[in-house]
Amino acid sequence: MFGCLVAGRLVQTAAQQVAEDKFVFDLPDYENINHVVVFMLGTVPFPEGMGGSVYFSYPDSNGVPQWQLLGFVTNGKPSAIFKISGLKSGEGSQHPFGAMNIVRTPSVAQIGISVELLDSLAQQTPVGSAAVSSVDSFTQFTQKMLDNFYNFASSFALSQAQMTPNPSEMFIPANVVLKWYENFQRRLAQNPLFWKT
């Protein structure tokens, strides 16, 4: 029903079923994994009104599994990419795998999938740092550049009382820079390639 993929490794399609509605994949050498892809195989869809919560579990310093909600997969969203590299030091959250005695070795993390109602999935809050940015690197660069320019220009802002007259120097009101900044951000959000026209 599910598959799990880590870059540079073989695809895993044989999840260990630990309960009627719970599945896990082992992730050996998890310290060297940045992202993981969880996907449906397309052979068995979720029952109507159901989906799968995706959890990441790693052993803490005492060897106790810490589970964190990454997100979900559904018939309408059959795959997802999750960033797990920054989650290892975080704290665990509520999860459906607590009462289960899942066999594991100390250096192995796990991906857990719990089949649940779609209404329940919609109310869950995944760990924010697990979501892979859907913004491309160009858009990220442009946003960072805008923020940097605005912060730089604003650092030189003076009130009219602080200004010393200098006929050879031009001044641009800070509100003009702010208006340009906001307009550029709005246009970038609407169409990241608007500047090409």
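**Close-up views of a predicted model**

Residues 24 or more positions apart account for 72% of the contacts (heavy atoms within 4.5 Å) in the protein chain that have a separation of 6 or more. This is a predicted model, in which local features need pLDDT of at least 70 and side-chain atom pairs count only at pLDDT 80 or more, while totals for chains, interfaces and linings use all residues. Residues are numbered from 1 along each chain as its sequence is written, and side-chain values use heavy atoms, with hydrogens and water left out.

**View 1. The protein chain as a whole.** The protein chain has 3 helices and 8 strands, where helices (H or I, at least four residues) and strands (E, at least two) are DSSP runs numbered from the N terminus. Read from the N terminus on, the elements follow the order β-β-β-β-β-β-β-β-α-α-α. Of the 197 residues, 30% count as buried; buried means under 20% relative accessible area, exposed over 50%, and partly exposed in between, with a 1.4 Å probe and protein chains only. The accessible surface of the protein chain comes to about 12,500 Å², and 57% of this belongs to carbon and sulfur atoms; such areas come from the Shrake-Rupley method with a 1.4 Å probe, and for residues only the protein chains shown count as cover.

View 2. E116 is found in strand 8, which spans residues 108-117. Although E116 is buried, it has no salt bridge, and the nearest side chain of opposite charge, that of K22, is 5.6 Å away; a salt bridge is a side-chain nitrogen of Lys or Arg within 4 Å of a carboxyl oxygen of Asp or Glu, and for charge Lys and Arg count as positive and Asp and Glu as negative, with His and the chain ends not counted. The side chain of E116 makes a polar contact of 2.6 Å with the side chain of Q124, and another of 3.5 Å joins the side chains of E116 and S120. A polar contact is a pair of N or O atoms within 3.5 Å; within protein, one must be able to donate a hydrogen and the other to accept it, and residues adjacent in sequence count only if both atoms are side-chain atoms.

**View 3. S120 in helix 1.** S120 has its place in helix 1, residues 118-123, and is partly exposed, with a relative accessible area of 29%. The C-alpha atoms of S120 and M50 are separated by 9.1 Å, while the two residues are 70 residues apart along the chain.

**View 4. The salt bridges.** The count of salt bridges comes to 2. In one of them, the side chains of R9 and D29 meet at 3.9 Å, N to O. R9 lies in the loop between strand 1 (2-5) and strand 2 (16-19), and D29 in the loop between strand 3 (22-28) and strand 4 (35-40), so the pair ties together parts that are 20 residues apart in sequence. R9 is partly exposed at 30% relative accessible area, and D29 is partly exposed at 37%. D21 forms a salt bridge with K22, their closest N and O atoms being 3.1 Å apart; D21 counts as partly exposed at 30% relative accessibility, whereas K22 is buried at 9%.

**View 5. A nonpolar patch on the surface.** L158, M163 and F171 form this patch, with about 270 Å² of accessible area together. Patches are made of residues with over 30% relative accessible area and no salt bridge, like charges being joined within 9 Å and nonpolar side chains (Val, Leu, Ile, Met, Phe, Trp, Tyr) within 5 Å. M163 is found in the loop between helix 2 (137-154) and helix 3 (174-190), and counts as partly exposed at 31% relative accessibility.
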